[in-house]
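Hi,

Here is the structure I promised to pass along.

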Amino acid sequence: MFALTTFLAGCEAPLNLEGVEQEMSKAVHRTDQLLGVAVTQDRVVVVGADGVVLTSPVSELKWQRQQLSNNPNFVDIKLCPDQSLIALSMEHQLWISEDQGQHWHSSDIPTQESLTSVACGPDNSYWAAGSFSTLVSSHDKGISWNEQSLNEDAAITTVQFFDSQNLIATGEFGLLARSEDGGENWSMLDPIPNEFFPMTSYFSDPSTGWVAGLGGTILYTDDAGQNWQTQDTPTDSPIYNLFARDGRLFAFGDHGTVLEQQDDRWRKLDSPNIPVYLRDGKLLDDKRLLVSGGWGALFTVDI
């Protein structure tokens, strides 16, 4: 052992940090885990682990990087109707920006539950959801919070508003719940069959919706969840997020998966062949879809 150690020490090359310095000088690093995308009127904002916030004009993607204090690990970001941004971190904090991602301040969310998704109501209320079917909400810009539970031992993965009074929530073990009074009270609907775990969901109206999860599975309902049909997808990779705008529906998943629904079928879009997960995406315009994910994945897909 000693002889080997001596040999290695004698042959040790000088440490070259030039490549490291070049990588760190870039706006996007290969180690970035980019978990959320939001598009304001004229800027794109991407958030990720270790407090990373990337911003760019929509018209020409030139990224600026900042790293917020205390390095919050962001898991989700949403654009509110008043054009403010809210980003949820694993540290039970909601970070708020009133200037398109240039400056941020945080609000501590008083819950012991793990929170994984965030939503903004039509009245600019803040909502976060997580374990033990927990929902926390603020109607005063994060000054105070209200916590409630649906009393199910299941994680809520998505909360969506249809209008100021009507919401739907989906979650673990096929959880499906609806509120008709702005989230004050909730009624449990028939669960999604086979305890399906929707990692993400999207409803175009209270009756019509999609849920997606492991194995590339996407289920569809047109009767408010009374019945579900499996839709064919060209992937076996987990689907982590759905995004819809202007009548178009996209899905993002593991192994670089980007899908679009066309004529009730899902097809793969032409995207980089990369072995990383994709976590979110948003339309920049009617021709470009910006996608983000693990290990510095941040690219546009022509649509």
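**What turned up**

Cysteine 120 is buried, at 15% relative accessible area, because anything under 20% counts as such. Please keep in mind that this is a predicted model.

That cysteine has a partner. A disulfide links cysteine 80 with cysteine 120, with an S to S distance of 1.9 Å. The link is right-handed, with 105° about the S-S bond. As for location, cysteine 80 sits in the loop between β5 (74-79) and β6 (85-89), while cysteine 120 belongs to strand β9 (residues 115-120), so the bond ties together parts that are 40 residues apart in sequence. Cysteine 80 is buried too, with a relative accessibility of 2%. If you were wondering how many disulfides a search of the whole structure finds, the count is one.

The other residue I looked at is glutamine 231, which is found in strand β20 (residues 229-231). Is glutamine 231 buried or exposed? Its relative accessible area is 11%, so glutamine 231 counts as buried. Its side chain makes a polar contact of 3.3 Å with the side chain of tryptophan 210.

Best wishes

Technical notes
Residues are numbered from 1 along each chain as its sequence is written. This is a predicted model: local features need pLDDT of at least 70, side-chain atom pairs count only at pLDDT 80 or more; totals for chains, interfaces and linings use all residues. Side-chain values use heavy atoms; hydrogens and water are left out. A disulfide is a pair of cysteine sulfur atoms within 2.5 Å. Helices (H or I, at least four residues) and strands (E, at least two) are DSSP runs, numbered from the N terminus. Buried means under 20% relative accessible area, exposed over 50%, partly exposed in between (1.4 Å probe, protein chains only). A polar contact is a pair of N or O atoms within 3.5 Å; within protein, one must be able to donate a hydrogen and the other to accept it, and residues adjacent in sequence count only if both atoms are side-chain atoms.
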